[in-house]
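I opened my notebook beside this model to see how the chain is put together. Here is what I looked up, in the order I went.

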Amino acid sequence: MTSTDTLSRFDAKLLQPAKLGDEPPWAFVVLPRDISAKLPRRGRTTVDGSINGHAFQATLEPDGQLSHWLRVTAELLDTAGVGIGETATLAVAPAAQEPEPELPADLQTALAAAPDALKTWNATTTLARLDWIHWITSAKQAKTRAKRIGDACEMLAEGKRRVCCFDPSGYYSKAFRAPAPAE
(Lines give C-alpha, C1' and ligand atoms only; values in the text may rest on other atoms or scores of the structure.)
Protein backbone atom coordinates (compact mmCIF):
# COMPACT_ATOMS: atom_id res chain seq x y z
CA MET A 1 0.00 0.00 0.00
CA THR A 2 1.24 3.52 -0.69
CA SER A 3 1.52 6.32 1.86
CA THR A 4 -1.48 6.97 4.09
CA ASP A 5 -1.79 10.64 3.03
CA THR A 6 -3.15 9.51 -0.34
CA LEU A 7 -5.16 6.56 1.00
CA SER A 8 -8.92 6.90 0.68
CA ARG A 9 -11.39 4.59 2.44
CA PHE A 10 -15.04 4.02 1.60
CA ASP A 11 -17.79 1.44 1.85
CA ALA A 12 -19.48 0.24 -1.32
CA LYS A 13 -21.96 -2.36 -2.47
CA LEU A 14 -20.43 -4.95 -4.81
CA LEU A 15 -22.56 -4.92 -7.95
CA GLN A 16 -22.92 -7.71 -10.48
CA PRO A 17 -22.75 -6.67 -14.13
CA ALA A 18 -25.89 -7.29 -16.16
CA LYS A 19 -23.84 -9.01 -18.87
CA LEU A 20 -21.33 -11.57 -17.64
CA GLY A 21 -20.79 -13.67 -20.73
CA ASP A 22 -19.11 -17.05 -20.24
CA GLU A 23 -16.66 -15.89 -17.59
CA PRO A 24 -16.81 -16.64 -13.85
CA PRO A 25 -18.95 -14.24 -11.81
CA TRP A 26 -17.29 -10.97 -10.91
CA ALA A 27 -18.39 -7.73 -9.31
CA PHE A 28 -17.68 -4.07 -9.74
CA VAL A 29 -17.66 -0.91 -7.68
CA VAL A 30 -17.98 2.65 -8.93
CA LEU A 31 -15.74 4.84 -6.81
CA PRO A 32 -17.36 7.83 -5.13
CA ARG A 33 -16.53 10.91 -7.17
CA ASP A 34 -14.67 12.60 -4.29
CA ILE A 35 -12.44 9.52 -3.89
CA SER A 36 -11.77 9.35 -7.63
CA ALA A 37 -10.90 13.07 -7.66
CA LYS A 38 -7.90 12.31 -5.42
CA LEU A 39 -6.38 10.05 -8.07
CA PRO A 40 -3.74 11.45 -10.45
CA ARG A 41 -5.79 11.14 -13.65
CA ARG A 42 -9.33 10.69 -14.95
CA GLY A 43 -8.30 7.98 -17.43
CA ARG A 44 -7.05 4.50 -16.61
CA THR A 45 -4.99 4.58 -13.46
CA THR A 46 -3.47 1.90 -11.27
CA VAL A 47 -4.11 1.77 -7.55
CA ASP A 48 -2.87 -0.20 -4.62
CA GLY A 49 -5.86 -1.09 -2.56
CA SER A 50 -7.59 -3.38 -0.17
CA ILE A 51 -11.04 -4.87 0.12
CA ASN A 52 -12.04 -5.88 3.63
CA GLY A 53 -8.33 -5.71 4.50
CA HIS A 54 -7.08 -7.93 1.64
CA ALA A 55 -4.54 -6.16 -0.56
CA PHE A 56 -4.70 -5.93 -4.34
CA GLN A 57 -3.33 -3.87 -7.19
CA ALA A 58 -5.67 -3.04 -10.06
CA THR A 59 -6.07 -0.66 -12.95
CA LEU A 60 -9.23 1.37 -12.57
CA GLU A 61 -11.27 2.16 -15.66
CA PRO A 62 -12.87 5.55 -16.33
CA ASP A 63 -16.65 5.60 -15.98
CA GLY A 64 -17.30 8.55 -18.31
CA GLN A 65 -18.67 10.56 -15.38
CA LEU A 66 -15.32 11.84 -14.07
CA SER A 67 -14.94 8.89 -11.76
CA HIS A 68 -13.57 5.36 -12.01
CA TRP A 69 -14.82 1.84 -11.58
CA LEU A 70 -13.07 -1.23 -10.21
CA ARG A 71 -13.52 -4.78 -11.47
CA VAL A 72 -13.48 -7.19 -8.51
CA THR A 73 -12.55 -10.66 -9.71
CA ALA A 74 -14.09 -13.87 -8.39
CA GLU A 75 -10.70 -14.68 -6.83
CA LEU A 76 -10.58 -11.37 -4.95
CA LEU A 77 -14.20 -11.80 -3.82
CA ASP A 78 -13.28 -15.19 -2.41
CA THR A 79 -10.06 -13.97 -0.78
CA ALA A 80 -11.87 -11.03 0.83
CA GLY A 81 -14.73 -13.23 1.99
CA VAL A 82 -17.36 -11.03 0.42
CA GLY A 83 -20.10 -11.78 -2.05
CA ILE A 84 -21.85 -9.95 -4.86
CA GLY A 85 -24.56 -7.71 -3.44
CA GLU A 86 -22.77 -7.27 -0.11
CA THR A 87 -21.12 -4.11 1.16
CA ALA A 88 -17.34 -4.09 1.52
CA THR A 89 -14.82 -1.66 2.92
CA LEU A 90 -12.34 -0.54 0.27
CA ALA A 91 -9.19 1.53 0.46
CA VAL A 92 -7.37 2.88 -2.59
CA ALA A 93 -4.27 4.95 -3.22
CA PRO A 94 -2.40 5.74 -6.42
CA ALA A 95 0.22 3.10 -7.18
CA ALA A 96 3.73 4.29 -6.40
CA GLN A 97 4.63 3.59 -10.03
CA GLU A 98 2.28 2.91 -12.92
CA PRO A 99 3.10 -0.60 -14.18
CA GLU A 100 4.02 -1.05 -17.81
CA PRO A 101 0.82 -1.91 -19.73
CA GLU A 102 0.54 -5.20 -21.58
CA LEU A 103 1.10 -4.63 -25.29
CA PRO A 104 -1.66 -6.19 -27.42
CA ALA A 105 -0.26 -8.66 -29.96
CA ASP A 106 -1.65 -6.80 -33.00
CA LEU A 107 -0.09 -3.53 -31.88
CA GLN A 108 3.20 -5.27 -31.07
CA THR A 109 3.29 -6.76 -34.58
CA ALA A 110 2.54 -3.38 -36.18
CA LEU A 111 5.23 -1.61 -34.14
CA ALA A 112 7.79 -4.29 -35.00
CA ALA A 113 7.10 -3.60 -38.69
CA ALA A 114 7.50 0.17 -38.24
CA PRO A 115 10.96 0.94 -36.77
CA ASP A 116 10.41 4.73 -36.59
CA ALA A 117 7.13 4.22 -34.74
CA LEU A 118 8.76 1.72 -32.38
CA LYS A 119 11.57 4.16 -31.62
CA THR A 120 9.07 6.85 -30.56
CA TRP A 121 6.98 4.27 -28.68
CA ASN A 122 10.01 3.26 -26.64
CA ALA A 123 10.76 6.93 -25.88
CA THR A 124 7.26 7.67 -24.51
CA THR A 125 6.18 7.51 -20.90
CA THR A 126 4.29 4.62 -19.39
CA LEU A 127 1.18 6.81 -19.11
CA ALA A 128 1.42 7.79 -22.77
CA ARG A 129 1.70 4.12 -23.76
CA LEU A 130 -1.30 3.35 -21.54
CA ASP A 131 -3.33 6.01 -23.40
CA TRP A 132 -2.26 4.70 -26.81
CA ILE A 133 -3.29 1.18 -25.83
CA HIS A 134 -6.55 2.39 -24.28
CA TRP A 135 -7.41 4.32 -27.45
CA ILE A 136 -6.77 1.25 -29.61
CA THR A 137 -8.50 -1.31 -27.40
CA SER A 138 -11.56 0.89 -26.84
CA ALA A 139 -12.53 0.48 -30.50
CA LYS A 140 -15.78 -1.45 -30.70
CA GLN A 141 -15.20 -2.94 -34.16
CA ALA A 142 -12.20 -4.83 -35.54
CA LYS A 143 -12.08 -2.50 -38.55
CA THR A 144 -11.83 0.56 -36.28
CA ARG A 145 -9.18 -1.11 -34.15
CA ALA A 146 -7.09 -1.93 -37.22
CA LYS A 147 -7.40 1.67 -38.45
CA ARG A 148 -6.35 3.00 -35.05
CA ILE A 149 -3.28 0.76 -35.03
CA GLY A 150 -2.31 2.05 -38.47
CA ASP A 151 -2.94 5.65 -37.42
CA ALA A 152 -0.96 5.12 -34.21
CA CYS A 153 2.03 3.80 -36.16
CA GLU A 154 1.86 6.80 -38.51
CA MET A 155 1.63 9.31 -35.66
CA LEU A 156 4.41 7.62 -33.71
CA ALA A 157 6.62 7.47 -36.82
CA GLU A 158 6.09 11.24 -37.16
CA GLY A 159 7.40 11.64 -33.62
CA LYS A 160 4.06 12.21 -31.85
CA ARG A 161 4.51 10.86 -28.36
CA ARG A 162 0.88 11.22 -27.21
CA VAL A 163 -2.31 10.15 -28.91
CA CYS A 164 -4.19 13.24 -30.03
CA CYS A 165 -7.91 13.86 -29.86
CA PHE A 166 -8.52 11.13 -27.27
CA ASP A 167 -10.39 11.79 -24.05
CA PRO A 168 -9.13 9.04 -21.71
CA SER A 169 -11.85 9.86 -19.17
CA GLY A 170 -14.68 9.31 -21.64
CA TYR A 171 -16.43 12.37 -20.23
CA TYR A 172 -16.49 14.44 -23.41
CA SER A 173 -16.83 11.57 -25.83
CA LYS A 174 -19.02 9.39 -23.57
CA ALA A 175 -16.91 6.48 -24.83
CA PHE A 176 -16.49 4.78 -21.45
CA ARG A 177 -18.97 3.55 -18.92
CA ALA A 178 -19.05 1.34 -15.88
CA PRO A 179 -20.94 -1.87 -16.54
CA ALA A 180 -24.70 -1.75 -16.14
CA PRO A 181 -25.62 -3.50 -12.90
CA ALA A 182 -27.86 -6.57 -12.90
CA GLU A 183 -31.30 -5.83 -11.55
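The entries below go from the whole chain to single residues.

**Entry 1: ground rules**

I am working with a predicted model, in which local features need pLDDT of at least 70 and side-chain atom pairs count only at pLDDT 80 or more, while totals for chains, interfaces and linings use all residues. I number residues from 1 along each chain as its sequence is written, and my side-chain values use heavy atoms, with hydrogens and water left out.

**Entry 2: the overall layout**

I began with the secondary structure and found six helices and six strands in the protein chain. I take these as DSSP runs numbered from the N terminus, with helices (H or I) of at least four residues and strands (E) of at least two. Reading along the sequence, I wrote down β-β-α-β-β-β-α-β-α-α-α-α.

Next came the dimensions. The C-alpha trace spans about 50 × 40 × 30 Å along its principal axes.

**Entry 3: surface, contacts and charge**

I then looked at burial: 44% of the 183 residues count as buried. My cut-offs are under 20% relative accessible area for buried, over 50% for exposed, and partly exposed in between (1.4 Å probe, protein chains only). The protein chain exposes about 9,900 Å², and carbon and sulfur atoms supply 51% of this area. Accessible areas come from the Shrake-Rupley method with a 1.4 Å probe, and for residues only the protein chains shown count as cover.

For contacts I use heavy atoms within 4.5 Å. Among contacts with a separation of 6 or more, 72% join residues 24 or more positions apart.

I counted charges too: 21 side chains are positive and 22 negative, and the centres of the two sets lie 7 Å apart. Lys and Arg count as positive and Asp and Glu as negative, with His and the chain ends not counted. Each charge is placed at NZ of Lys, CZ of Arg, CG of Asp or CD of Glu.

**Entry 4: the cores**

Which residues touch the most other members of the largest nonpolar core? I noted Phe 10, Leu 14, Leu 31, Ile 51, Leu 70 and Val 72, out of 22 residues in that core. At least two core residues come from each of strands E1 (8–13), E2 (27–30), E3 (45–51), E4 (54–62), E5 (68–72) and E6 (87–94), and from helix H2 (74–80). By nonpolar core I mean a set of buried Ala, Val, Leu, Ile, Met, Phe, Trp, Tyr and Cys residues joined through side-chain atoms within 4.5 Å.

Beyond its neighbours within four places in sequence, Leu 70 is in contact with Ala 27, Phe 28, Val 29, Leu 31, Phe 56, Ala 58, Leu 60 and Leu 90. A second, separate core has 17 residues, including Ala 117, Trp 135, Ile 136 and Leu 156.

Thr 45 belongs to strand E3. I logged Thr 45 as buried, because its relative accessible area is 1%. Residues up to four places away aside, Thr 45 touches Leu 39, Pro 40, Ala 58, Thr 59, Leu 60, His 68 and Glu 98.

Leu 130 sits in helix H5 (residues 126–137) and counts as buried at 6% relative accessibility. Its contacts, again not counting residues up to four places away, are Arg 41, Arg 44, Glu 98 and Pro 101. Leu 103 is 27 residues from Leu 130 in sequence, and their C-alpha atoms are 9.1 Å apart.

His 54, in strand E4, is partly exposed at 30%. Leaving out neighbours within four places, I found His 54 in contact with Gly 49, Thr 79 and Ala 80.

Two loop residues also went into my notes. Asn 52, in the loop between E3 and E4, has a positive phi near 50° although not a glycine. Leu 66, in the loop between E4 and E5, has a positive phi of about 65° and is not a glycine either. Asn 52 counts as partly exposed at 32% relative accessibility, and Leu 66 counts as partly exposed at 26%.
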